[in-house]
Amino acid sequence: MFLGDEWRYFKYLTLSTVSIICLVVIYTPSYHLAPPKQVVGWELNVTRETRAYVVPENETALISGKEICQDSFLNILIVVCSAPENGAQRLAIRETWASQNISSVKVAFLLGWPTNVTLQSTIEEESNEFKDIIQENFIDSYNNLTVKSVMMLKWFLHQCPSPRYLMKTDDDMFVNVANLSALLSKANSTVLIGSLICRAKPILDIRNKWYVPKYIYKKSFYPNYLSGTGYVMSREVAAKLYDVALSTPIIHLEDVYITGICALKAGIRPRNHASFTYSHRGLGCEADMITNHRLTPQQLHIAWAQRNNCTKNVKPTKQTTTQSSCH
């Protein structure tokens, strides 16, 4: 009888222990039991020291783009961050909004090293033909966009002394160069404007394109920042952001890093301007538009034809910059 009671007690104790363990496993957050999913290219064992990639002391360009800034009267340089394989997008931009005849504005394309090395000879041929490509020495990938943007600042400051303003944009964007030029003709020496995003939270969903684990960014909110689809800065601001970036660990979301984290550290406030958007605005007439997002090469040609028709009949209204408007 005593042995039976002991056995029964042992079974109850075992069952209770197993149940407690199961409950602990179920209700303990997964990050306590396993390390977070890591960002490809920026794993825990990879340095995020900006200097290691940008090498500020050395010339790093594979294609120097030395012809781009030869004109001393340039006032605005627009750098289109383009993937090496996106030759059709670059050609469409050259044939459309980059062909607008404003002598004080120049458009250039910034590329890294293609993951498909057979593309390199094509890129070199394209550069020889159009003289508008800058190629820096890093692997061109989505997770390396921050390296790309810091390389852009380095090149602009070291190789392009004339322009007072720098615009960063992407190769699926339409830029109204005339409106941009008109806006900056009244601007001052401290400019960092675009489409402002406020109080954004880091995304912890590992399936999301913009996933950022805690080991890369620990705070609950990003600083206010400008959408990377298109933002503009003055040379003075570019110099400050570049200087700060060299001592700021890389976060792979380039717009958060450059116009948010580095801008905050440099004491520069990014400002919203209604003419910039990271959305697709359709292909109709919008007199004040500066940026329009997600356009294919075919849509760029349509938007360009529409813009030429619109400018004959529509006068731009007064453009305003506001700090309070956030997306």
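Is V177 buried or exposed? With a relative accessible area of 2%, V177 is buried, where buried means under 20% relative accessible area, exposed over 50% and partly exposed in between, computed with a 1.4 Å probe on protein chains only. This is a predicted model, in which local features need pLDDT of at least 70 and side-chain atom pairs count only at pLDDT 80 or more, while totals for chains, interfaces and linings use all residues. Residues are numbered from 1 along each chain as its sequence is written, and side-chain values use heavy atoms, with hydrogens and water left out.

V177 belongs to helix α7, residues 177-184; helices (H or I, at least four residues) and strands (E, at least two) are DSSP runs numbered from the N terminus. When residues up to four places away in sequence are not counted, V177 touches I78, W97, Q100, I102 and V105, contact being defined as heavy atoms within 4.5 Å. One of these residues, V105, is 72 residues apart from V177 along the chain, and the C-alpha atoms of the two are separated by 7.9 Å.

## T146 in helix α6

T146 lies in helix α6, which spans residues 145-159, and it counts as buried because its relative accessibility is 1%. Leaving aside neighbours within four places in sequence, T146 is in contact with I250, I251, H252, L253, E254 and Y257. A polar atom of the T146 side chain lies 2.6 Å from the backbone oxygen of I251.

## The largest pocket

The largest pocket has a volume of about 950 Å³, a volume being the space filled by probe spheres set on grid points that are joined across faces, edges and corners. On a 1 Å grid over the protein atoms alone, a pocket is an open set of points with protein on both sides within 12 Å along at least five of seven lines, and lining residues have an atom within 4 Å of a point.

The lining consists of 33 residues, of which Y142, D170, K209, W210 and T229 lie nearest the centre of the pocket. At least two lining residues come from each of α6, β5 (165-170), β8 (225-234) and α9 (254-266), and β8 gives the most, with four. By residue class, the lining divides into 13 nonpolar, nine polar and eleven charged residues, where Ala, Val, Leu, Ile, Met, Phe, Trp, Tyr, Cys and Pro count as nonpolar, Asp, Glu, Lys and Arg as charged, and the others, Gly among them, as polar.

## A cluster of tyrosines

Rings of Phe, Tyr and Trp (its six-membered ring) pair if their centres lie within 6.5 Å, and planes under 30 degrees apart count as stacked, over 60 as edge-to-face and the rest as tilted. By this rule the model has three aromatic pairs. One of them, Y217 with Y222, is tilted, at 5.0 Å centre to centre and 50° between the planes. Y222 also pairs with Y225, edge-to-face, at 6.3 Å centre to centre and 90° between the planes.

Y217, Y222 and Y225 form one aromatic cluster. Y217 and Y222 are both buried, and Y225 is buried with a relative accessible area of 10%.

## Positive phi values

V55, although not a glycine, has a positive phi of about 45°; V55 sits in the loop between α3 (51-54) and β1 (61-63) and is partly exposed, with a relative accessible area of 24%. R199, also a residue other than glycine, has a positive phi near 55°. R199 is found in the loop between β7 (192-197) and β8 and is exposed, with a relative accessible area of 55%.

Key
A polar contact is a pair of N or O atoms within 3.5 Å; within protein, one must be able to donate a hydrogen and the other to accept it, and residues adjacent in sequence count only if both atoms are side-chain atoms. On a 1 Å grid over the protein atoms alone, a cavity is a set of points where a 1.4 Å probe fits but cannot get out, and a pocket is an open set with protein on both sides within 12 Å along at least five of seven lines; lining residues have an atom within 4 Å of a point.
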